[in-house]
Amino acid sequence: MLSGLNHLTLAVTDLNRSVVFYGELLQLRLEAKWGGGAYLSLPGFWLCLSLDPLRKTEPAADYTHYAFSTSAENFPALVERLDTARVLSWRDNRSEGDSFYFLDPDGHKLEVHVGDLASRLKACRQAPYAAMVFFTDQ
């Protein structure tokens, strides 16, 4: 039985550039680094960066992306830091809660989001998506 998301591994083309992006810009904690990768962390989550020459840096055309949490208080400063670093945005926010959608240096689609599943479901109960069905009362 699953108990949660263990870690995320992202293929990168330039390990040092990615460590700076995730470690300094996004402020994940650098735990370990070696010739072919690095481990960074946030409370309850770890990220593996894996050097992979097969990685293409063009973002995928689909909506798959990885979202990080932040507080409402920290959101404006984080977005400003990303804008100042000239990080590319790939989508405008169209859902509940503040979100900023951006690309990492290898074209991975990322999001920083204020809110959680409970706040999303609450908003959806007030304005459901087409054909939406709820399976819990909360």
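This is a predicted model: local features need pLDDT of at least 70, side-chain atom pairs count only at pLDDT 80 or more; totals for chains, interfaces and linings use all residues.

Residues are numbered from 1 along each chain as its sequence is written, and side-chain values use heavy atoms, with hydrogens and water left out.

Let's start with the open sheet, where four strands run in the order β5-β8-β7-β6 with mixed pairing. (Helices, H or I of at least four residues, and strands, E of at least two, are DSSP runs numbered from the N terminus; two strands pair if DSSP finds at least two bridges between them.) The edges belong to β5 (66–69) and β6 (89–91); each has a single partner strand, so one side of each has no neighbour in the sheet. On average, neighbouring strands here are turned by 35° against each other, direction ignored. Axes are lines fitted to C-alpha atoms, for helices over the stretch in contact, and angles run from 0 to 180 degrees between N-to-C directions. β5 and β8 pair in the parallel sense over four bridges, and S69 has H113 in β8 as its bridge partner. Helix α2 (residues 75–84) packs on the sheet, touching β7 and β8, and its direction makes about 25° with that of β7. Contact here means heavy atoms within 4.5 Å.

Now for the greasy part. A nonpolar core is a set of buried Ala, Val, Leu, Ile, Met, Phe, Trp, Tyr and Cys residues joined through side-chain atoms within 4.5 Å. The largest one has 26 residues, and F21, Y22, L26, L47, L49, L82 and F102 touch the most other members. Helix α1 (15–25) is among the elements that give two or more residues, and α1 gives the most, with five. Is D104 buried or exposed? At 4% relative accessibility, D104 counts as buried (buried means under 20% relative accessible area, exposed over 50%, partly exposed in between, with a 1.4 Å probe and protein chains only). The side chain of D104 reaches the backbone nitrogen of D106 at 2.8 Å, and a polar atom of that side chain lies 3.0 Å from the backbone nitrogen of G107.

D106 itself forms a salt bridge with R17, the closest N and O atoms being 3.3 Å apart. A salt bridge is a side-chain nitrogen of Lys or Arg within 4 Å of a carboxyl oxygen of Asp or Glu. This pair links distant parts of the chain, with R17 in helix α1 and D106 in the loop between β7 and β8, 89 residues apart. D106 is buried at 0% relative accessible area, whereas R17 is partly exposed at 33%.

To finish, E96 and R120 form another salt bridge, with N and O atoms 2.9 Å apart at the closest. H113 touches both E96 and R120.

Notes. A polar contact is a pair of N or O atoms within 3.5 Å; within protein, one must be able to donate a hydrogen and the other to accept it, and residues adjacent in sequence count only if both atoms are side-chain atoms. Lists of a residue's contacts leave out its neighbours within four places in sequence.
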